[in-house]
Amino acid sequence: MTMRGMDGSTAGAPLEGYNFAYLDEQTKRMIRRAILKAVAIPGHQVPFGGREMPLPYGWGTGGIQVTASVIGPDDVLKVIDQGSDDTTNAVNIRRFLARTTGVATTGRTAEATLIQTRHRIPERPLREDQILVYQVPIPEPLRFMEPREPETRRMHALADYGVMHVKLYEDIARCGRISTAYNYPVLVNGRYVMAPSPIPKFDNPKMDRMPALQLFGAGREKRIYAVPPHTEVKSLDFEDHPFEVQRWDACCALCGAGDSFLDEVVVDDRGGRMFVCSDSDHCRERRDAGHRGPEPEAVGQVQEI
Amino acid sequence: MSDVMIRVENLGKTFTLHNQGGVAMEVLRGVEFEVRAGECLVLNGPSGAGKSTLLRSLYANYRLQRGRVWIRHRGALLDLAGAEPRRVLEVRRETIGYVSQFLRAVPRVPAVDVVAEPLRLRGEMAAVARRKAAALLERLNISARLMELAPSTFSGGEQQRVNIARGFLPGYPVLLLDEPTASLDATNRAVVIRLIEEAKAGGAAVVGIFHDAEVREAVATAVHDMTAAAPAAA
Amino acid sequence: MTNETEQPLLRAVGVSHWYGGTLGCRDVDLDLHAGEVLGIVGESGSGKSTLLACLSARLRPAAGRVLYRTRHQGTVDIYGLGEAERRLLMRTDWGIVHQNPRDGLRLAVSAGGNVGERLMAVGARHYGRIRETARAWLERVEIDAGRIDDRPDTFSGGMQQRLQIARNLVTQPRLVFMDEPTGGLDVSVQARLLDLLRGLVADLGLAAVVVTHDLAVTRLLAHRLLVMRRGEVVESGLTDQVLDDPQHPYTQLLVSSVLQP
């Protein structure tokens, strides 16, 4: 990926009157510095001077600012929300970035150089030449147990992380197992406890030693953190209650995949339902390759809903 | 001749009542005596002569303005009046027992455990200490049912017997007794006399205050007259 | 008795602290040995809580030193330690029982989680064993083990205080600081708590510093007393000496002001 963008006049036909990727160059530089620091200290939250973006907090302002700071004219952008490229949030962000940069966009994970995501990691393994940008609502994993921000920072500084296991202990005491299913806390590079953003814990193992660079942006709280390529990411657990990912009895009704994250979809008003891949690109890719699930003809039905 | 267990030298005690115009009350002056193993020294004198004050001074409960209180502890004489607090606690744990006039009841703790506590502090197993405590309480006519209750609800005589058992059970080499028989009936008084005799026979040095002439005559080997020790109030 | 145990566990030398121009405590020296319980008494504002905070590594005194004999590294100045070392010390070797259980408990976490936290903080990672230890400690402080999954905000004040004690003692500390441990409790509940504390201190050989304005509490719990007034120690000695034969005018006033200490 190129880091050009000073002139912002190259690829495509970006909107007149805006700087390349919307943010001014000083802001992008400041954010890049924060990103570099975040990469240097894996899992550590770095504050940055977040800007007002033309969409509200909670819609991905942190992710967008990170993306806007690293995107170049030659990038190919993919934006997903809950595994889908077609939800309102994904469509709007993709359109915004395409208009302000003129870069090419894609729905295909394999073709993208830069992927901004909310709530999922694509099923297809990512490569070293790709960057994954997460939208993060709450960057502080300790907040649930310790609301005081100065104290949580001190706890990070001292690796004083006993309370994270208290949270998991409470899960087991209440439910008989660790019931935390998303935003499942991880230990990065053996040092910092990190919130992986609200991805399902199914995706946690994909973060571990991922070849792609992972960047996390929290717009409201103005924090950036990162996991550099090939970094160890370990999900917290107990010896007698080891970390486990979700499993389904069903496979994807459309493509037959038995190893992907499935969404349960209601298909009619009589209680009919089926399980389909949450990652729509992954599902399409498999079907294109000839894989079929038990109800392949339901594609249209699912997409309407 | 047997060992000196207690030697009191030139003991003086003055209370200064700062909140009552700074009145200084000299209660004891120039008290001197020795008690050897197996002896029982009875403090004699009218009410207000300072008998209890002297006893408390021997226990280091009261702090002295003058003088020394030598106690044989771990084989050597130690000046209790000048000892640091940790040492005083050690002496009280191992060497000196003190039976006060009134039991200071600990809430919720059964009588048998109140009595067993000094043994437990010396590291005795709980069950053994309790068994010994129960046996002594039984000798003092405290029923097995009663000894399982906290003594705060006991009658004066019952509380006194619990107090006596607590003081006698560890077999201290030095025993200080402040009117141990004051509220006891004849039967229990006799038990206490026997306990004192047994302690003496076991080599203990006893210093006591006894109102009751019968008891006094039964146990005393010497009498210390306190009228001389109490100077006129300054 | 070895020379090792003759060394004090905790030693304060000339500890002084001011809040701006206001005196907290001045020139306090004290020694505390293993297994010893020291009471600090005085009225509100006498500086006893300031002193406790200085002793327990929570308030760096303006002057003076606080020395602690560690298990393995000899005697250290607790304010010379790094924050990480100090925290480790506080959660392994020390305990702090706050007057208000809300300051010492996590009210949104179950009783078991509260007791287990210190274990997890020092690396325990076996849920079953953590839970067993928590259960044993709940029973030890007379809380029905069936309430292990209940939150402490459903507990009575006395239970909360006992839970706080269990939470502190689970790592088998050597030294416990208590700030008015029976404050705000009913008399009968106080008695139960005191009895429990007495037993634990004796059985575990704990050293403790207990701040209280209740002289009856010190009579039952403390071996020695410091009497504080206007930031200074005006009298010290064995508990029964100070209470039965007070020397300083202020102590005499204090002792004569209570009904049957």
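## Where chains A and C meet

The contact (heavy atoms within 4.5 Å) draws 20 residues from chain A and 22 residues from chain C. This is a predicted model, so to speak with its own ground rules: local features need pLDDT of at least 70, side-chain atom pairs count only at pLDDT 80 or more, and totals for chains, interfaces and linings use all residues. Residues are numbered from 1 along each chain as its sequence is written, chains are lettered from A in the order in which they are written, and side-chain values use heavy atoms, leaving out hydrogens and water.

Together, chain A and chain C bury about 1,800 Å², with 58% of that on carbon and sulfur atoms. Buried area here is the accessible area (1.4 Å probe) that two parts lose on being put together, summed over both.

## Charges across the interface

Between chain A and chain C there are 4 salt bridges, each a side-chain nitrogen of Lys or Arg within 4 Å of a carboxyl oxygen of Asp or Glu. C:Arg91 pairs up with A:Asp160 in a salt bridge, and their closest N and O atoms sit 2.4 Å apart.

On the side of chain A that touches chain C, the elements giving two or more residues are α4 (149–157) and α5 (162–175); helices are DSSP runs of H or I, at least four residues, and strands are runs of E, at least two, numbered from the N terminus. The top contributor is α5(A), with 8 residues.

## A look at A:Asp75

A:Asp75 is in the loop between α2 (61–70) and β2 (76–81) of chain A.
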